[in-house]
Amino acid sequence: MTAKEKSFLTSVWDFLCSLKLTIIILILLAVTSIIGTVVQQNLSPQEYLQIYTEKTYKLLDSLQFFDMYHSWWFLSLLGLFSLNLVCCSIKRFPRVWNTVMHPQLKGDDSLFRTLSNADEVVVGGTMDEAAGRLRSLVQKHFAGAVETREDDRIYLFAQKGPYARFGVYVTHLSILIIFIGAIIGNIWGYKGYMNVVEGGSADTVRLFGTNEAVKLPFAIRCDRFEVSFYEGGGRPKEYVSDLVVLDSGQEVLSKTIEVNDPLSYQGITFYQSSYGPAGDPSFKVRVRTRSTNEVQEYVARQGEHVALPGGRSFAVTASTPSYDRFGPAIQMHVNTADGQHGNPFVVLQNFPDFDAQRGDEFIFSLLQIDQPYYTGLQVGKDPGVWVVWIGCFLMIFGSLAAFFISHRRIWVTLQPVDGKVGVRIGGSAHRNQPAFELFFDDFKAKLKDELKG
């Protein structure tokens, strides 16, 4: 290998270990994630063409913005970020390992020159007596000390929180595990939807984007679907579905789901996401004949002509669950005996006497609208979700260790000075220096008091 090749390899290695590279990748990931949030993902081409012009659609599609989390450039960013984490860890981990597992036990002159927290004092007595008192003091106010004797010097070393040094590497590992979980979910998982008509069952999921059909090893039955609306409008307030899982024809699980409270079975999760009408509604109507005060009830389907006394008939042409602020309503008309349509009018369910103002022979009251619905389920299978959870747990653990626990060390060196004992004390912390300075000042004062006593 030539010197030029070594220089090139060294440059590549330094580039991959660079903190600047980390920052650039994080900024790019943040920016591209914004794009993925703004641009809806995995819609059909027809849906995109309702949002964008054809020219814009082709441009965004060529940039893979419609499925950006599977695009080559986004996956490349994640791969480069992973490589950067691995290289940074490989470069720095051995030094941290030696710091933790093989700490410097002797506080020599070269070490004290590097410490910003240091002091020294000369006391009387013997070296052994001073060492004994200082060892007890360090253990009482900090941690158990390791004593080393060399030549005519006695060294004491104590530390707290050494394993916090590994917190950053646990965090790095957790990010890689989360990436692995996401990759597992992308390869072996899917997201799609299925519509189940109330009273019916389904076992096929349509994938978002491709609309590809995926057959489930079991079926989902919807026993009941119910939707409620905000007063004064048609905006849905809440909708719930009673779902039953049919595995090999047997009911194995049932649950009432609503938004944010899904059903899970065999690693597949069913979220309540939408609903819609399934088939024509039926209407239960009470008709009072004004001249005789006779009352009859009818059940009619939309568009169906229902006979009335005297040869006339009526038909419901439209319905709504919320008419302005007056609740459920239907639009209908009354036909003459020779089949001619009368003027359309509205009947309100919450105001049964409202139609009497029309002055017709027949007074209509709406008793009930029976509209069958289908429940729209978003279906997700993600076999990597537990891997991601493990990664998240490790990330929390590693971040707490990395940011909230400090590796603190204390060195005490005793040496003879003109028949007395010279004591040098120093300390360092790899996090939260201001707090350690306060601790060290207090510890130093106690040490001097102990030696004077």
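I began with Leu414, which touches Met127, Ala130, Ala131, Leu134, Asp152, Arg153, Ile154, Val421, Gly422 and Val423, leaving out residues up to four places away in sequence. Contact here means heavy atoms within 4.5 Å. I was working on a predicted model, where local features need pLDDT of at least 70, side-chain atom pairs count only at pLDDT 80 or more, and totals for chains, interfaces and linings use all residues. Residues are numbered from 1 along each chain as its sequence is written, and side-chain values use heavy atoms, with hydrogens and water left out.

**Leu414.** I found Leu414 in strand S19 (residues 408-417). Helices (H or I, at least four residues) and strands (E, at least two) are DSSP runs, numbered from the N terminus. Is Leu414 buried or exposed? Leu414 is buried, because its relative accessible area is 0%; buried means under 20%, exposed over 50%, and partly exposed in between (1.4 Å probe, protein chains only).

**H7 and H10.** Next I looked at helix H7 (residues 127-141) and helix H10 (residues 433-452), whose axes come within 10 Å and cross at roughly 145°. Axes are lines fitted to C-alpha atoms, for helices over the stretch in contact, and angles run from 0 to 180 degrees between N-to-C directions. H7 passes H10 in a right-handed crossing, that is, the near helix is turned clockwise from the far one by less than a right angle. H7 brings Arg133, Leu134, Leu137, Val138 and His141 to the contact, and H10 brings Phe439, Phe443, Lys446, Leu447, Glu450, Leu451 and Lys452. I sorted these residues into 7 nonpolar, 1 polar and 4 charged. For that sorting, Ala, Val, Leu, Ile, Met, Phe, Trp, Tyr, Cys and Pro count as nonpolar, Asp, Glu, Lys and Arg as charged, and the others, Gly among them, as polar.

How many cavities of 30 Å³ or more does the structure hold? I found 1. On a 1 Å grid over the protein atoms alone, a cavity is a set of points where a 1.4 Å probe fits but cannot get out, a pocket is an open set with protein on both sides within 12 Å along at least five of seven lines, and lining residues have an atom within 4 Å of a point. Grid points are joined across faces, edges and corners, and a volume is the space filled by probe spheres set on the points. The largest cavity is lined by Val287, Thr289, Glu294, Gln296, Tyr298, Pro309 and Phe362. Strand S11 (282-289) and strand S12 (295-301) each give two or more residues to this lining.

I then turned to the second largest pocket, with about 430 Å³ of space. Among its 16 lining residues, Phe229, Pro321, Ile369, Gln371 and Tyr373 are the closest to its centre. S6 supplies the largest share of the lining, 4 residues.

Ser248 has a positive phi of about 55° although it is not a glycine, and Ser248 is exposed, with a relative accessible area of 69%. Asn293, also not a glycine, has a positive phi of about 60° and sits in the loop between S11 and S12. Last, I checked Val252 in strand S8 (residues 250-258), which is partly exposed at 41%.
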